[in-house]
Amino acid sequence: LTGLLGAVAPLFAPSDIQVKENIIPDGTWKGYNVYRFNYIGDTVRRRGVMAQEVEKIRPDAVVEFDGIKHVNYGAL
């Protein structure tokens, strides 16, 4: 199972609000709210969705690894 998760995990981006900070709304994309943020402990600013919001609309596009929700952007 670990090998399978290792193969699948790269398809998903960690999008859980609990691993992000300095979150600022930054428009929408395909009907989803988009935010600028950085991952906690990282200074690189990124742009993306919040898994908790996506999960309400497309639960099939969200998976959880080690307690952190990830979004499959390819499914959106």
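**Sheets, core and salt bridges**

Author: In this predicted model, β1, β6 and β5 form an open sheet of three strands in the order β1-β6-β5, with antiparallel pairing. The edge strands are β1 (13-14) and β5 (62-65), each of which pairs on one side only.

Reader: How many bridges join β5 and β6?

Author: Four bridges join β5 to β6 (residues 68-71), in the antiparallel sense. Within this sheet, E64 stands opposite K69 of β6.

Reader: And what is the phi of D66?

Author: D66 has a phi near 50°, which is a positive value in a residue other than glycine. The residue lies in the loop between β5 and β6. D66 counts as exposed because its relative accessibility is 83%, and the cut-off for that class is over 50%.

Reader: Which strands make up the sheet with the order β2-β3-β4, and which are its edge strands?

Author: That open sheet consists of the three strands β2, β3 and β4, paired antiparallel. Its edge strands are β2 and β4 (46-48), each pairing on one side only. From one strand to the next, the twist averages 30°.

Reader: How many bridges are there between β2 and β3?

Author: There are six bridges between β2 and β3 (residues 32-39), and the sense is antiparallel. P25 has Y35 of β3 as its bridge partner, while K20 stands opposite Y39 in β3.

Reader: What is the phi of K30 in the hairpin of β2 and β3?

Author: K30 takes a positive phi near 50° there, in a hairpin with two residues between the strands. N22 also has a positive phi, near 55°, and is a residue other than glycine. The position of N22 is in strand β2 (residues 20-29). With 48% relative accessibility, N22 counts as partly exposed.

Reader: Stepping back, how many helices and strands does the protein chain have?

Author: The protein chain has two helices and six strands. Along the sequence they follow the pattern α-β-β-β-β-α-β-β. Of the 76 residues in the protein chain, 32% are buried. Among contacts between residues at least 6 apart in sequence, 37% join residues at least 24 apart.

Reader: Which residues form the largest nonpolar core?

Author: The largest nonpolar core has nine residues: Y32, V34, V49, A51, V54, A61, V62, V71 and L76. Two or more of these residues come from each of β3 and α2 (51-57). As background, nonpolar side chains tend to be buried together in soluble globular proteins.

Reader: What does V34 touch, leaving out residues up to four places away in sequence?

Author: V34 touches I24, P25, D26, G27, T28, W29, R47, G48 and V49.

Reader: Is S15 buried or exposed?

Author: S15 is buried, because its relative accessible area is 1%, and buried means under 20%. S15 is located in the loop between β1 and β2. Leaving aside neighbours within four places in sequence, the contacts of S15 include K20, V49, K69, H70 and Y73.

Reader: Turning to charges, how many salt bridges are there?

Author: The count comes to six salt bridges. One of the pairs is K69 with E55, whose closest N and O atoms are 3.1 Å apart. This pair links distant parts of the chain, with K69 in strand β6 and E55 in helix α2, 14 residues apart.

Reader: How accessible are K69 and E55?

Author: K69 is buried, with a relative accessible area of 16%, whereas E55 counts as partly exposed at 30% relative accessibility.

Reader: Which residue forms a salt bridge with D60?

Author: R58 does, with the closest N and O atoms 2.7 Å apart. R58 is partly exposed at 24% relative accessibility, and D60 is exposed at 54%.

Reader: Which residues are linked in a network of salt bridges?

Author: D26, R36 and R47 are linked in such a network. Elsewhere, the side chains of D42 and R46 meet in a salt bridge with an N to O distance of 3.2 Å. D42 counts as partly exposed at 24% relative accessibility, and R46 counts as partly exposed at 33%.

Definitions and conventions:
Residues numbered from 1 in each chain as written. Predicted model: local features only at pLDDT ≥ 70, side-chain atom pairs only at ≥ 80, totals over all residues. Heavy atoms only, no water. Pairing = 2+ DSSP bridges. Buried < 20%, exposed > 50% of the residue type's maximum accessible area, 1.4 Å probe, protein only. Axes fitted to C-alpha atoms, helices over the stretch in contact; angles between N-to-C directions. Contact = heavy atoms within 4.5 Å. Core = buried A, V, L, I, M, F, W, Y, C linked by side-chain atoms within 4.5 Å. Salt bridge = Lys/Arg side-chain N within 4 Å of Asp/Glu carboxyl O.
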